[in-house]
Structure formats: structure tokens, C-alpha cells
Amino acid sequence: MGNDNVSVAFKVYCLTVMTLVAATYTVALRYTRTTTTGDMYFSTTAVCITEVIKLIISLGMLSKESGSPSRLKNTLVEHILCSPKELLKLSVPSVVYAIQNNMAFIALSNLDAAVYQVTYQLKIPCTALCTVLMLSRSLSRLQWFSVFMLCGGVTLVQWKPAEATKVQIEQNPFVGFVAVAIAVLCSGFAGVYFEKVLKSSDTSLWVRNIQMYLSGIVVTLIGVFMNDGDKVLEKGFFFGYTPLVCFVVFLASVGGLYTSVVVKYTDNIMKGFSAAAAIVLSTIASVILFGLQITFTFASGALLVCVSIYLYGLPKQDTTKLRHVDPKDQELKQKLISV
């Protein structure tokens, strides 16, 4: 009922922001990885910085939630310094999310932003499958139908991918698809695992975020020095960074957190419309920036994906079967989808 009291103008604002963030992030990241003629930045360092910014934002939100410096200090001591087991528990999604975020850079180095945007929607059926297996929930028949329709749409998109003519690096679409597939699997598993952790206690969402991002910083730093250690030591951690690269890191940091907060004021239909609109915007931007040549199979597959996203969120009376009667479930599920 709470959503009914929110103004239409605010819902439209939420929808617009979610759509622009999703579309802009993929297009900007693709641009920094394929059209740069100068020194290329290290993607592993970008992923690490993203975790640091998320940690800072989460600390700020926890500070606001605590209300006083003393309460904030006590909370951090109790849940961070004195809870090594909890930190270890949250290191699992940290590792998986680190893999997912690095896969996004590999995927967008080999696939056009529009193709990536469509293919990445496979996270919806993957999350649904993990929810069924790990949380013993169920899906409606229409949702299962939409899942298969989405998979069919992605298959069409990948069957004969649209080609970009203004890309200045050599690409491997197969590598790109494998990277997206790994990212999708990581998103589904880590999201549902994180939900189980969140529901295992009444610990604040921001506390759990801090626990996860602390582990994430350690994991991504290890990744930096395992993959680019020699180059980083030689050229510097921020080698190749431009204002646009910083913008990409900013979008990656605040995008998911912002979406997880504002999406609770919208419904599933609006979320589906947002995802579909992001695909359309990414396609238009790809045509303009990268010379993307749209094929019939790509257009057909993208349309199927957009329709399936809409159908997946349509039957609100059936989607209640997806979750236990818990007022926190809606917010938790948005956190999972937006990461």
C-alpha cells in the first residue's frame, strides 16, 4: 500500500534515473574499453575503487541510520571488529561479485553495449532458479514462460550478433558471451546467498554491506596484483584514468546502491519497463557512437527480451509466491536484482 501513496511524478523520476544509470554505465564502459587510442586503464583497479566508494557510501548511510557517532562506533565494533565469522561469511558473495564485476569489463570489451544489455538480462532467470533451489520458493506459470521467452530472445541476439564498425580494438564475441554468462551466474548465486544472510538476522542492511565491501576490497586488491601487479607497480594504480573512466567508476559505485533504494517506490511493471528502455537507449547510443548495424535477429531477440521482462513482473498476485510474508523481502530482492 505504501507505493500507492507515492506521487506519479516521483515514480517517473525513479524510473528515469534507473534507466539512465543502466544505459549510461554500459555505453560509457564500452566506450572506454574500445575507442581509447591512448593508454588503457587497468579494469581490475576500477573494480577495486568501486568497492571502496561503495564502502564509503555505506558508512555514510549507517552513520545516518545510527543517529550519533557513539552508536555508529558501537555498531562497527560489534559487527566488524568482534565478528570475524560474519566477515568470513560475507566474503563468499564478495569473491563472486568481484568475479562478476571483472567479467563485465571483459564482456564489454568484446560485445557491443546493446548486445551486452540484452544478454545480461539472463540474470533474471538465473536469480529465479537460484531462488527456487536455495530458498525453496516457486514461480508462476507465466513467470516460467517469460523465463524461457527471455532465453529464446537472448539466443536470437547471440545467433547473429549486430556488428559495430567504429571499434578500434580486436573483439572476440565468444569470449564476450562467456564473460556475460559467468557474470550472470555470479549475479544469481551471490544475490540469493546475500539474501539468505540478510534474512538470517535483524542486522542492518548497511552493516551487511560494509561487511561485504570490506571483504570485497581485500579480494579485488588481490585480483589487481595477481592480474596486473607488475604493470601497476610500474605505471601506477591510476594509470590511464580519464574523467570518463572516473565517471564509469562513479556509476558502478552508486548505480546499484541508488537503484536498490529508489526501486522500492516502484512496481515490477515499472522495473521491467526500465530494463526495456535501457536496452532501447543502449541500442540507439551504440548506433550513434559505435556504428552498430542492427540485424533482424538482433531486433527480434531484443523485442522478445523486453516482452519477457514485462511478463515476468506482471502478475503481482502470483509473485507473492516467490517470497515469504516478510516486509523486508521486497527491499532485499531489489538489492539482489540491482547489483
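Predicted model: local features only at pLDDT ≥ 70, side-chain atom pairs only at ≥ 80, totals over all residues.
**Entry 1: the salt-bridge network**

I began with the charged side chains and found Glu86, Lys89 and Arg208 linked in a network of salt bridges. I call it a salt bridge when a side-chain nitrogen of Lys or Arg lies within 4 Å of a carboxyl oxygen of Asp or Glu. The idea behind the search is simple: side chains of opposite charge can pair when their charged atoms come close.

Residues are numbered from 1 along each chain as its sequence is written, and side-chain values use heavy atoms, with hydrogens and water left out.

How many salt bridges does the structure hold? I count two.

- Glu86 pairs with Lys89, N to O, at 3.4 Å. These two sit three residues apart in helix α4 (residues 84–110), so about one helical turn separates them. My helices are DSSP runs of H or I with at least four residues, strands are runs of E with at least two, and both are numbered from the N terminus.
- Arg208 pairs with Glu86, N to O, at 2.6 Å. This pair links distant parts of the chain, with Arg208 in helix α9 (residues 205–227) and Glu86 in helix α4, 122 residues apart.

Next I checked whether each partner is buried (under 20% relative accessible area), exposed (over 50%) or partly exposed (in between), using a 1.4 Å probe and protein chains only. Arg208 has 2% relative accessibility and therefore counts as buried. Glu86 at 21% is partly exposed, and Lys89 at 29% is partly exposed too.

**Entry 2: α8 against α9**

α8 and α9 pack at about 130°, with their axes 10 Å apart. I take axes as lines fitted to C-alpha atoms, for helices over the stretch in contact, and angles run from 0 to 180 degrees between N-to-C directions. That angle makes α8 oblique to α9, because under 35 degrees is roughly parallel, over 145 roughly antiparallel, 65 to 115 roughly perpendicular and the rest oblique.

Which residues meet here? From α8 I noted Phe194, Val197 and Leu198, and from α9 Leu205, Arg208, Asn209 and Met212. A contact in my notes means heavy atoms within 4.5 Å.

**Entry 3: α6 against α8**

I then turned to the other helix that packs on α8. The axes of α6 (residues 123–135) and α8 (residues 173–199) come within 8 Å and cross at roughly 40°. That makes α6 oblique to α8.

On the α6 side, the contact includes Lys123, Cys126, Cys130 and Met134. On the α8 side, Val184, Phe189, Val192 and Lys196 are among the residues taking part.

Leu135 belongs to α6 and is buried, with a relative accessible area of 13%.

**Entry 4: the whole chain**

Last, I stepped back. I find 15 helices and zero strands in the protein. Of its 339 residues, 53% count as buried. Among contacts with a separation of 6 or more, 89% are between residues 24 or more positions apart.
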